[in-house]
Amino acid sequence: MTILDRLTGLASPSVALRRGIQLVENGKPTEAFPLFAAAARAGIGQAEYRVARCYLEGSGVPPSRAEGTRWLRRAADHGSADAQALLAALYVTGMATAEADKGSESERLFFEDTTSEPDFASALDLATKAAEAGSATGQALLGYILTSGPEPMRDADAAYRWYERSAAAGCAEGSLGFALALARRGLSADRSRIADEVRRAADAGLPTAIYLLAILTEHGRGVAGDIAGAARLYQSAAEKGLPAAQFRLGLALIDGSLGDQDPVTGEAWIRRAALAGNVEAANLLGDRNVKSRPPDFSEAAIWYRRAAEGGHQAAARALASLYLTGNGVARDEQEGAHWLRTAASSGNRAAQVDLANLVLQGAGEPDDIASVAGWFEAAALSGDLIAAFNLGLCFAKGVGVHQDETRAAQWLRRAAEGVAEAQYMYARILRDGRGVAADAQQARAWFAQAAEGGMLDAQVALAEMLLNGSGGKRSPEAAIQLFRRAAADGHAGAMFALGALQSSGEGLPVDHVAAQKWFAAAAERGHGQAQLMLGRYFSKGLAGEHYPAVGRLWLERAAAQGLEEAADELSELAG
């Protein structure tokens, strides 16, 4: 320390403060700190503010948020507008609490690396004092609180005025806030003024302002359009660490929308944005890994999780899909339901429908059941026919609502306009007269429409109506064609029907060998009636193959499905 500094140390606190400021300006913060501390102990607000900044920035002293906050409070109490503004900012970001300096030194040690919830009430009080004292930074911060703070605090007109005063005083943050306040007014006459304020803030180096100026430049709003210039601005904001700019720059490099394509560098920027917390970037990386050839589901799951944990609804739904299918992660229905629930509770309509479908299948949690019908109804009312179909099932089964066959029929009828399965279900309702008056003719028409949509069950149901003449003209030939089509596609009921027709000679010549083959094909697929018939055929040798032991086995299988006829025949064989 020089003789001058030793003499300064013996001088008045105000002289020590001035000498400390000179040392800082000369790049000697370590020598300046003791002078600031001496002046601060004398109660000079500006010195207390300087000490606080030293602690917060680690300038000339080890960093300590707790000590920095404590000295800021002292400076603020002594009327330092700069301290009031900075302390207000710490309250807004949750980096200070009203109780932080009330504990012991040991308790404050644990405060260093913690972040609390924002304290807007304390911030508002301090920012107001700083703003009224003429602090341009305080005015900008007050504008922010009045714009983005809790709803009861918001006052757009007052925020506009404080931003305007801050901007007029040359505060970059004030210019940025004023530009955004002008933009919220939505007046086309303000475009050039908005661009001017954004440019002032960008010239001061604010990354967000540089990014906004890039957007204005890209689209020619308030400034001349300049794609190359926009690309340079996005690059500048990205290099300053702004995730939104990194994401936009990455997209531009991938698709070449702002110049030459460079997918490798573009993806690197998107990764940087995702790692910095940009959920859109993380979700995009998940999508890119799913769509890559071959897909990398494990990598996709990592990025989807990062985006989902940041509140991205589509990413949460995509992550749920990976867990439900076991792609890239261990299959876990409970975890899948959790992420669907996360997206659904945030209002994601597709996730609500997905979760509701899980509940209909018996998955999910009890609390989900109460929400199922509401989710389906919201989607159905917006025109989603799949949701209308599922809502009809909810009323039919009493899932999340009281069972109501009439309402089930109404929703299934709506869904039948475009969903083959709904057409089939509605046709069954009309055939059986559940919730509506029975109408075989309409049932037959809806079965036909569903059959044309490829539903095997509908083909078989229509064939049965054609065979017995229900709802219209009898047509055994058409019925047999439908049975054969469905049987070729593996429908056990159609196979049984063909066996029965060959056995009885109705529409087809009697052919017990062919009948036995159809019964066997259906029985092997678990068809109870076919198992009964196959048991009879083998027990009695109806097709020339008399195997009582084999017949007994098939009768036992049919009896196990609850067919009383099979049980009776087994009793007769035992007797």
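# Salt bridges, helix faces and ring pairs

Trainee: Why is glutamate 164 called partly exposed?

Mentor: Its relative accessible area is 31%. The partly exposed class lies between the 20% limit for buried and the 50% limit for exposed, so glutamate 164 belongs there. Keep in mind that this is a predicted model.

Trainee: What makes arginine 193 and glutamate 164 a salt bridge?

Mentor: Their closest N and O atoms are 3.4 Å apart. The cut-off is 4 Å, so the pair qualifies. Arginine 193 is in helix α12 (residues 191-203) and glutamate 164 in helix α10 (residues 156-168), so the bridge ties together parts 29 residues apart in sequence. Arginine 193 is partly exposed, at 34% relative accessible area.

Trainee: How many salt bridges does the structure hold?

Mentor: It holds 21. Among them is the one between glutamate 48 and arginine 74, with closest N and O atoms 3.7 Å apart. That pair links distant parts of the chain, with glutamate 48 in helix α4 (residues 45-57) and arginine 74 in helix α5 (residues 65-77), 26 residues apart.

Trainee: Are glutamate 48 and arginine 74 buried or partly exposed?

Mentor: Glutamate 48 has a relative accessible area of 0%. Buried means under 20%, so glutamate 48 is buried. Arginine 74 has 30%, so arginine 74 counts as partly exposed.

Trainee: How do you know that arginine 317 and aspartate 354 meet in a salt bridge?

Mentor: The N to O distance is 2.5 Å, and the limit is 4 Å, so the pair passes. The partners are in distant parts of the chain: arginine 317 in helix α19 (residues 313-325) and aspartate 354 in helix α21 (residues 349-360), 37 residues apart. Arginine 317 is partly exposed at 32%, and aspartate 354 is partly exposed at 24%.

Trainee: What makes Glu267, Arg271, Arg288 and Glu299 one network?

Mentor: Salt bridges that share partners join these residues.

Trainee: Why is glutamate 197 called buried?

Mentor: Its relative accessible area is 9%. The limit is under 20%, so glutamate 197 is buried. Glutamate 197 is in helix α12. Leaving aside residues up to four places away in sequence, glutamate 197 touches Ala167, Ser175, Phe178 and Ala179.

Trainee: How do you know that the buried residues of α8 line one face of the helix?

Mentor: These residues are Phe120, Ala123, Leu126, Ala127, Ala130 and Ala131. Viewed down the axis of α8, they fall within an arc of 135°, so they line one face. An α-helix has 3.6 residues a turn, so residues three or four places apart point the same way. On the other side of α8, Ala121 and Glu132 are exposed.

Trainee: What do the buried residues of α8 pack against?

Mentor: They pack against α5, α6 (81-92), α9 (136-148) and α10.

Trainee: What span does α8 reach, and what is expected?

Mentor: Helix α8 (residues 120-132) has 13 residues and reaches 18 Å from its first C-alpha to its last. That is close to the 18 Å expected at 1.5 Å a residue. Glycine 134 follows α8, with a positive phi near 100°.

Trainee: How many aromatic pairs are found in the whole structure?

Mentor: The search finds eight. One of them joins phenylalanine 496 and phenylalanine 519, with ring centres 5.6 Å apart and planes at 45°. Stacked needs under 30 degrees and edge-to-face over 60, so the pair is tilted. Phenylalanine 496 is in helix α29 (residues 492-504) and phenylalanine 519 in helix α30 (residues 512-524), 23 residues apart. Both are buried.

Trainee: Why is the pair of phenylalanine 519 and tyrosine 537 called edge-to-face?

Mentor: The planes of these rings are at 65°. The threshold is over 60 degrees, so the pair is edge-to-face. The ring centres lie 5.6 Å apart. Tyrosine 537 is in helix α31 (residues 528-540), 18 residues from phenylalanine 519. Phenylalanine 519 is buried at 1% relative accessible area, and tyrosine 537 counts as buried at 1%.

Trainee: Which residues do ring pairs link into a cluster?

Mentor: The cluster holds Phe496, Phe519 and Tyr537.

Trainee: How do you know that the charged end of arginine 557 sits over the ring of tryptophan 554?

Mentor: The charged end is 4.4 Å from the ring centre. The distance limit is 6 Å, and the charge must also be within 35 degrees of the ring normal. The distance meets its limit, and the pair is listed as a charge over a ring.

Methods:
Residues are numbered from 1 along each chain as its sequence is written. This is a predicted model: local features need pLDDT of at least 70, side-chain atom pairs count only at pLDDT 80 or more; totals for chains, interfaces and linings use all residues. Side-chain values use heavy atoms; hydrogens and water are left out. A salt bridge is a side-chain nitrogen of Lys or Arg within 4 Å of a carboxyl oxygen of Asp or Glu. Helices (H or I, at least four residues) and strands (E, at least two) are DSSP runs, numbered from the N terminus. Buried means under 20% relative accessible area, exposed over 50%, partly exposed in between (1.4 Å probe, protein chains only). Contact means heavy atoms within 4.5 Å. The expected span of a helix is 1.5 Å times one less than its number of residues. The arc is that of the directions from the helix axis to the C-beta atoms. Rings of Phe, Tyr and Trp (its six-membered ring) pair if their centres lie within 6.5 Å; planes under 30 degrees apart count as stacked, over 60 as edge-to-face and the rest as tilted.
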